[in-house]
Structures are given as C-alpha cells and as structure tokens.
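User: Hi! I'd like to learn how to read a protein structure. Please take me through one, feature by feature.

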Amino acid sequence: MYVHICGTDLIRDANGQFLVLEDNGRTPSGVSYVLENRAVMKKVFPHLFADIRVKRVEDYPHRLRDALASVAPPAGSRSPCVVVLSPGQFNSAYFEHCFLARHMGVELVFGPDLFVHDDVVYLKTTRGPQRVDVIYRRLTTTSSTPRRSGRTACSGCRDCSARTAPATWTLANAVGTGVADDKAVYPYVEDMIRFYLEEGANPAERADVHLRRPDDLAYSLDHLDELVVKAVNESGGYGMLMGPFQHGRPTGRVRPEDPGQTRATTSPSRS
C-alpha cells in the first residue's frame, strides 16, 4: 500500500450529479477545517442538524488514528506508536498538523525529533528513545530529506528516506505518491482506465486538456471563460486561474508563457 490517506474533492454539476474534481494522494490537507466548521455550524444552526439528520464527522480523528495504527508492522504486545511528522510552524497547514495530532492523541514531531538506528525509527523523548511504528508524513517529498531552507531547518527525518525499511516502520503516505494526483497525468486517466481495467471511463467525469497539445491549447484559449486553468507544478490552490475574471474584472486573454507547464479542466457547468 502506498496511498494510505487520500483526499478526493467532490463537486456537483448543474444537474446535481457528483463529480470528482481532483484527487490528492501526496499530503492531503483541509479536513481540520471541515471539523472546525461543523462545530461552529452546530452552534449557530443547531436545528438544521436535528431536522435533516446530517452525518457526524467528529469521529474522523479516531478513524484516522485507527487506520494509521492498522498499517503498523507487528509490534508484539505493545500498542503501535503513531506520530505526525510536520515541517514546522511556518508551513501553511501547521494548524491542521497540531489539530490532528492533538485529537488523535499522538505526538507531533519534526525531523530532528526522529532518528534511525539498526533500521528502526526512534523518537527522542525525555524518557529516552521511543520506537516509532507509523509516521504520518505531512510534508512534501522535497522536504522529506534533511535540508535547510530559510526559517525551516532540517524539516525531514535524517535517514528516514535514504534507509527506508518497510519491515520496521510504515510511512504514510509513501514518498512518490504525488504521481497519482499530478495534474499533468489527469488528461491520460481515461487511457489508463482502458489499458489497466479494460473498460471505458465514466462519461460523467470532467475532461482535462493539456496545453502542451496544440489543439488543446487552441481550444482552451477560445473557451477560457468556461475553464479552470492550473499550473501542473503547483498545489494547494496556487497557480490557478478560474476563467478570465479576477475579483469581478476581466483579466484579458491569458496566454501561458510555457504551455507545457499548464493544463486546463472543464468547469462544473460544462462537465
């Protein structure tokens, strides 16, 4: 198993049908805002939840902890030790790292807190080294190895990536899982479904176009007001343009400087 935690963005089209907007398989984030928003909504509009029987989401941290513990290597009689690995307070999702660690009842750790000895990962504690069974990785692949970058020093665990020993600990999600949600891969999903599953793709899925292709580029420029354009090397909402309008004003025709580094997705109204 490589993708232990997957974040799938669902939307509704004009007919009310659910569509998959995108998948997040490297370091999916945002669930903490769902939980906090639900807590506020229940206080402000309690009658809504009593009348329409909305499914509860408060148990997500417990489900997440159980899911992570279930993929731990055999630990004998002791309970599996799960930690949340964060790059630090300057990360945009640091609030969520703290939130999940606190509600799961596990340790929030940084790279220097962990070390490898005899192919086993340990956590430095005031009581001495503690063996770690599952590392919930909440940092990017580029910061999974020790480095120094600006204010974040050594955000990755020393030797954790270079001396991976699957028999002694589990890294969730595995390094390299970003290929599963890479935006440049999306235009080829239908071809992959046909090749690997020998079946046709769901016709309700929204179509992707890659601006490296001349025909796709020409189509995108002619229908820019109906498309969502994203940079393939960005994530978390960065590098995204939704149509030709920004803050209610037209931005004019957009021509990417490097067509090979962008892709377009048809909007929900067209899917």
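Analyst: Let's begin with exposure: a residue is buried under 20% relative accessible area, exposed over 50%, and partly exposed in between (1.4 Å probe, protein chains only). This is a predicted model, in which local features need pLDDT of at least 70, side-chain atom pairs count only at pLDDT 80 or more, and totals for chains, interfaces and linings use all residues. Residues are numbered from 1 along each chain as its sequence is written, and side-chain values use heavy atoms, with hydrogens and water left out. Of the 271 residues in this protein, 36% are buried.

User: How many aromatic pairs are there, and how do I read one?

Analyst: A pair of aromatic rings is described by the distance of the centres and the angle of the planes. Rings of Phe, Tyr and Trp (its six-membered ring) pair if their centres lie within 6.5 Å; planes under 30 degrees apart are stacked, over 60 edge-to-face, and the rest tilted. The whole structure holds 5 such pairs. One of them joins Phe-115 and Tyr-122, whose centres are 5.6 Å apart with 25° between the planes, so it is classed as stacked. Phe-115 has a relative accessible area of 27% and is partly exposed, and Tyr-122 is also partly exposed, at 21%.

User: What kind of pair do Phe-195 and Tyr-196 form?

Analyst: Phe-195 and Tyr-196 are edge-to-face, with 5.0 Å between centres and 85° between planes. Phe-195 is exposed at 62% relative accessible area, and Tyr-196 is exposed at 63%. Elsewhere, Tyr-33, Phe-95 and Phe-99 come together as one aromatic cluster.

User: Now the fold. How many helices and strands does the protein have?

Analyst: Helices (H or I, at least four residues) and strands (E, at least two) are DSSP runs, numbered from the N terminus. This protein has 6 helices and 17 strands. Contact means heavy atoms within 4.5 Å. Among contacts with a separation of 6 or more, 62% link residues 24 or more positions apart.

User: Which strands make up the open sheet, and in what order?

Analyst: Two strands pair if DSSP finds at least two bridges between them. The open sheet here has 4 strands in the order β4-β3-β8-β11, with parallel pairing. Its edge strands are β4 and β11 (170-172), each pairing on one side only. From one strand to the next, the twist averages 25°.

User: Where do the individual partners sit, and what packs on the sheet?

Analyst: Between β3 and β8 there are 4 bridges in the parallel sense, and Val-82 has Val-134 in β8 as its bridge partner. Parallel strands β8 and β11 share 3 bridges, with Ile-135 opposite Leu-171 in β11. Strands β3 and β4, also parallel, are joined by 3 bridges, and Val-83 has Glu-107 in β4 as its bridge partner. For directions, axes are lines fitted to C-alpha atoms, for helices over the stretch in contact, and angles run from 0 to 180 degrees between N-to-C directions. Helix α3 packs on the sheet by touching β3, β8 and β11, at about 125° to the direction of β8. Helix α4 packs there too, touching β3, β4 and β8, at about 150° to the direction of β4.

User: How do the side chains of β8 point?

Analyst: In a regular strand the side chains alternate between the two faces of the sheet. In β8, Val-134 and Tyr-136 point one way, while Ile-135 and Arg-137 point the other way, and all are buried.

User: Which residues of α4 are buried?

Analyst: An α-helix has 3.6 residues a turn, so residues three or four places apart point the same way. In α4 (residues 94-104), the buried residues are Glu-96, His-97, Phe-99, Leu-100, Ala-101 and Met-104. They pack against α1 (31-44), α3 (60-70), β3 (82-85), β4 (107-109) and β8 (134-137). Gly-105 follows α4 and has a positive phi, near 75°.

User: Last one: what is a nonpolar core, and which residues touch the most other members of the largest one here?

Analyst: A nonpolar core is a set of buried Ala, Val, Leu, Ile, Met, Phe, Trp, Tyr and Cys residues joined through side-chain atoms within 4.5 Å. The largest has 16 residues, and Leu-64, Leu-68, Val-84, Leu-100, Met-104, Val-106 and Tyr-136 touch the most other members. Two or more residues come from each of α1, α3, β3, α4 and β8, and α4 gives the most, with 4 residues. A second, separate core has 13 residues, including Leu-85, Val-109, Leu-123 and Leu-171.
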